[in-house]
Amino acid sequence: MYPMEFPSTTKFHISLVSLLVLSSAATIILNPVFATKDCDFPAIFNFGDSNSDTAYLAASFYAPTPPYGETYFHRPAGRFSDGRLIIDFIAQSFGLPYLSAYLDSLGTNFSHGANFATAASTIRPPPSIIPQGSFSPFYFDVQDTQFRDFKPRTQFIRHQGGIFASLMPKEEYFPEALYTIDIGNNDLNAGCFGNLTVQQVNASVPDIVNSFSENVKNIYDLGARSFWIHNTGPLGCLPYILTKFLSAERDDYGCAKAYNEVAQYFNKELKDAVVQLRKDLPLAAFTYVDIYSVKYSLFSNPKKYGFEHPLIACCGYGGKYNYSGNYGSSIECGRTIEVNGTEIFVGSCERPSVRVNWDGIHYTEAANKFVFDQISTGAFSYPPLPLNMACHRNSTENN
């Protein structure tokens, strides 16, 4: 008769370890965050409006004047802020240089990408264009066309050799690059300032978003595979909206409720469009980024994040919100105006570093840095991948 055997503690320990190893392996396989490595983007190509314009409008029409750029660049740098924009922090996070604007012919370097974003740009053809009108002629269709021309021309210059060859991106950078998009805000503005009702602006949103999707598909056809797409921010919290629509109902934080709802509806449609783009273009990685929620937190709880007076422009003049300009007209910040026979320079506030809004329309560098710090973690992304993993496709939808 053989003695009865019991499982030894050693065998049990080995079995437990094996189970943990198998469990960890399954987690790695099922969870793309653990299964993938950081993306090494060699270049960034950006499309959008003033939220990410790094001197396109300055090169083509007119440049911001002091005190624009005072915080970081210590001079106007073509950006509609006192310093850097979210796109600057994105480039910096990958060790890439700040993006040169496509039309900027002075000191331009496209070796690690290019910026097609232009202040006052729309997705659809604009109702009026600068200088007589309010919007940029370089709407999304045009930016798309410019990129289509840019790609082969840069390779011709590289193959031609000479002093400009090194300023052009390598051919393999185009499929490996990150494609960032932040546009749509001005399409909503066009309706709000074009005497449309909120209902009429909402009715235009599906067509705006359809146009957006078509442009993204065109960029995809040119080799783009990694997309980082921002939704639009809370329009109703910005001084230019608050000043224009003084009688609009306010929410608990002083923002114009109806205009934030317009932005929210646009964002819902945009998110649905990105979900569809994932299905239509399965070889691409699409990350939808909820900029709205991050920016709204600056208005709903500014003290928590070290900010103050979020509804008041840092650089402006007059009225409850330190803003008295008209959207689309010459920018008052940095201009000299006459008040009661006296010329006054419209300068910045004492501490831009604790302010949210810069000039009534755009954000301060401090606010842009805050937004970047939040979105880069993936906490506001769908799928929830951080910025440095935006090249990875995720089959799991997070709606």
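Predicted model: local features only at pLDDT ≥ 70, side-chain atom pairs only at ≥ 80, totals over all residues.
Setting aside neighbours within four places in sequence, serine 213 has contacts with Ala273 and Leu277. Its C-alpha atom is separated by 10.0 Å from that of isoleucine 123, a residue 90 positions away along the chain.

Helix H8, which spans residues 198–221, is also one of the elements against which the buried residues of helix H7 pack. The others are helix H9 (239–244) and helix H10 (257–280). Helix H7 itself covers residues 185–192, and eight of its eight residues are buried. Those residues are Asn185, Asn186, Asp187, Leu188, Asn189, Ala190, Gly191 and Cys192.

These helices belong to a protein with twelve helices and eight strands. Of its 399 residues, 53% count as buried. Among contacts with a separation of 6 or more, 71% are made by residues 24 or more positions apart.

The interior may be considered next. In soluble globular proteins, nonpolar side chains tend to be buried together. In this model, the largest nonpolar core comprises 92 residues. Phe45, Ile90, Phe147, Tyr179 and Phe227 are the residues with the most contacts inside that core. Apart from it lies another core, of eleven residues, including Ala120, Cys314, Cys333 and Trp358.

Beyond its neighbours within four places in sequence, isoleucine 90 is in contact with Ile44, Leu178, Trp228, His230, Phe372 and Leu387. Isoleucine 90 is also one of the buried residues of helix H4, together with Ile86, Ile87, Asp88, Phe89 and Ala91. Because six of the eight residues of H4 are buried, this helix is largely enclosed by the rest of the structure. The cover over its buried residues includes strand E1 (44–48), strands E3 and E4, helix H11 (291–300) and helix H12. After H4 comes glycine 95, which has a positive phi, near 70 degrees.

Helix H12, part of that cover, runs over residues 365–375 and contains glutamate 365. Is glutamate 365 buried or exposed? Its relative accessible area is 10%, under the 20% limit, so glutamate 365 is buried. What does glutamate 365 touch, not counting residues up to four places away in sequence? The residues are Thr71, Tyr72, Ser81, Asp82, Gly83, Arg84 and Phe89. Phe89 in this list is one of the buried residues of H4. As for arginine 84, its backbone nitrogen lies 2.7 Å from a polar atom of the glutamate 365 side chain.

Rolling a probe the size of a water molecule over the atoms shows where empty space is left. A search of the whole structure finds four cavities of 30 Å³ or more. The second largest cavity has a volume of about 70 Å³. Its lining consists of Asn46, Asn51, Ser52, Ile86, Ile87, Ile90, Thr180, Ile181, Asp182, Trp228 and His230. Two or more of these lining residues come from each of helix H4 (86–93), strand E3 (178–182) and strand E4 (226–230). By class, the lining divides into five nonpolar, five polar and one charged residue. The largest pocket holds about 290 Å³ of space. Among the 14 residues that line it, Tyr102, Phe110, Arg153, Ile157 and Met168 are the closest to its centre. The lining of the largest pocket has eight nonpolar, three polar and three charged residues. The second largest pocket contains about 180 Å³ of space. It is lined by 14 residues, of which Thr54, Ala77, Arg79, Leu99 and Asp104 lie nearest its centre. Seven nonpolar, four polar and three charged residues make up the lining of the second largest pocket.

How values were computed. Residues numbered from 1 in each chain as written. Heavy atoms only, no water. Core = buried A, V, L, I, M, F, W, Y, C linked by side-chain atoms within 4.5 Å. Buried < 20%, exposed > 50% of the residue type's maximum accessible area, 1.4 Å probe, protein only. Contact = heavy atoms within 4.5 Å. Helix = DSSP H or I, 4+ residues; strand = E, 2+ residues; numbered from the N terminus. Polar contact = N/O pair within 3.5 Å; in protein donor to acceptor, adjacent residues only side chain to side chain. 1 Å grid on protein atoms, 1.4 Å probe; cavity = no way out; pocket = protein on both sides within 12 Å on 5 of 7 lines; lining within 4 Å. Points joined across faces, edges and corners; volume = space filled by probe spheres on them. Nonpolar A, V, L, I, M, F, W, Y, C, P; charged D, E, K, R; others polar.
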